[in-house]
Amino acid sequence: LHAAIYQANPKAHAILHSHGPYSVALTLDGKDFSPPDFEGQLYFPRVPVVTIAYERYFAEAAQAVAGMLAEYPIVVVRGHGVYACAASLNLAYKWTCSLEHSAKTAFIARTAGRI
Ligand SMILES: [Zn+2]
């Protein structure tokens, strides 16, 4: 999967895959995620969520994720996890942490009835 991402995006020099529980939980509805906080909106106003049937994951994930990461810095695969790619490992890590932070903030705000 990582090789497919590098092939689809020549500017990518680092890819991170993670399983942030807030990012995964808040996107289980399959809808794209829009961070409610300033920093999240600044970095990625819309985070695409890709739905791949679990039984077809290994056959379809590489092409689906690579295609999305050619257009977006970060993508969530519904029910599984997050893929981020960037020009450096530090930036890919920053995208990963920022998304999880925004998802946690959204969870808290929803729980408190603020959004
Ligand atoms: Zn995984």
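Okay, to get us going: where is Leu 16 found? Leu 16 is in strand E1, which covers residues 14–18. Strands here are DSSP runs of E with at least two residues, helices are runs of H or I with at least four residues, and both are numbered from the N terminus.

Quick housekeeping before I go on. This is a predicted model, so local features need pLDDT of at least 70 and side-chain atom pairs count only at pLDDT 80 or more, while totals for chains, interfaces and linings use all residues. Residues are numbered from 1 along each chain as its sequence is written, and side-chain values use heavy atoms, with hydrogens and water left out.

We've got 5 helices and 4 strands in the chain, and from the N terminus the order is α-β-α-α-β-α-β-β-α. The radius of gyration is 14 Å, close to the 13 Å from the globule rule for 115 residues, so the chain is as compact as a globular protein of that length. That radius is taken over C-alpha atoms, and the rule is 2.2 Å times the number of residues to the power 0.38. Along the principal axes, the C-alpha atoms fill a box of roughly 45 × 30 × 20 Å.

Of the 115 residues, 41% are buried. Buried means under 20% relative accessible area, exposed means over 50%, and partly exposed is in between, with a 1.4 Å probe and protein chains only. As for contacts, meaning heavy atoms within 4.5 Å: among those with a separation of 6 or more, 64% come from residues 24 or more positions apart.

Now the metal. Which residues coordinate the zinc ion? They're His 17, His 19 and His 80, each through NE2, at 2.0 to 2.1 Å. In sequence the spacing of the donor residues reads H-x1-H-x60-H. Donors are N, O and S atoms within 2.8 Å of the metal (3.2 Å for Na, K and Ca), and water is not among the atoms, so sites may look incomplete. His 17 counts as partly exposed because its relative accessibility is 28%.

Back to Leu 16, then. Leu 16 is partly exposed too, at 21% relative accessibility. Leaving out residues up to four places away in sequence, Leu 16 touches Val 82, Tyr 83, Ala 84, Leu 89, Ala 92, Tyr 93 and Thr 96.

What about Ser 102, buried or exposed? Ser 102 is buried, at 1% relative accessible area, and belongs to helix H5, residues 89–111. Beyond the residues up to four places away in sequence, Ser 102 touches Phe 33, Pro 35, Pro 36, Asp 37 and Gly 40.

Pro 48 has a relative accessible area of 1%, so that one is buried. You'll find Pro 48 in the loop between helix H3 (38–43) and E2. Neighbours within four places aside, Pro 48 contacts Asp 32, Met 68, Tyr 72, Ile 74, Val 75 and Val 76. Take Ile 74: 26 residues from Pro 48 in sequence, and 7.7 Å away, C-alpha to C-alpha.

Now for a couple of exposed ones. Glu 55 is in the loop between strand E2 (49–50) and helix H4 (57–69), and is exposed at 68% relative accessible area. From Glu 55 to Leu 99 is 44 residues in sequence and 26 Å in space, C-alpha to C-alpha.

And Phe 58, in helix H4, counts as exposed because its relative accessibility is 81%. Phe 58 and Tyr 6 are 52 residues apart along the chain, with 17 Å between their C-alpha atoms.
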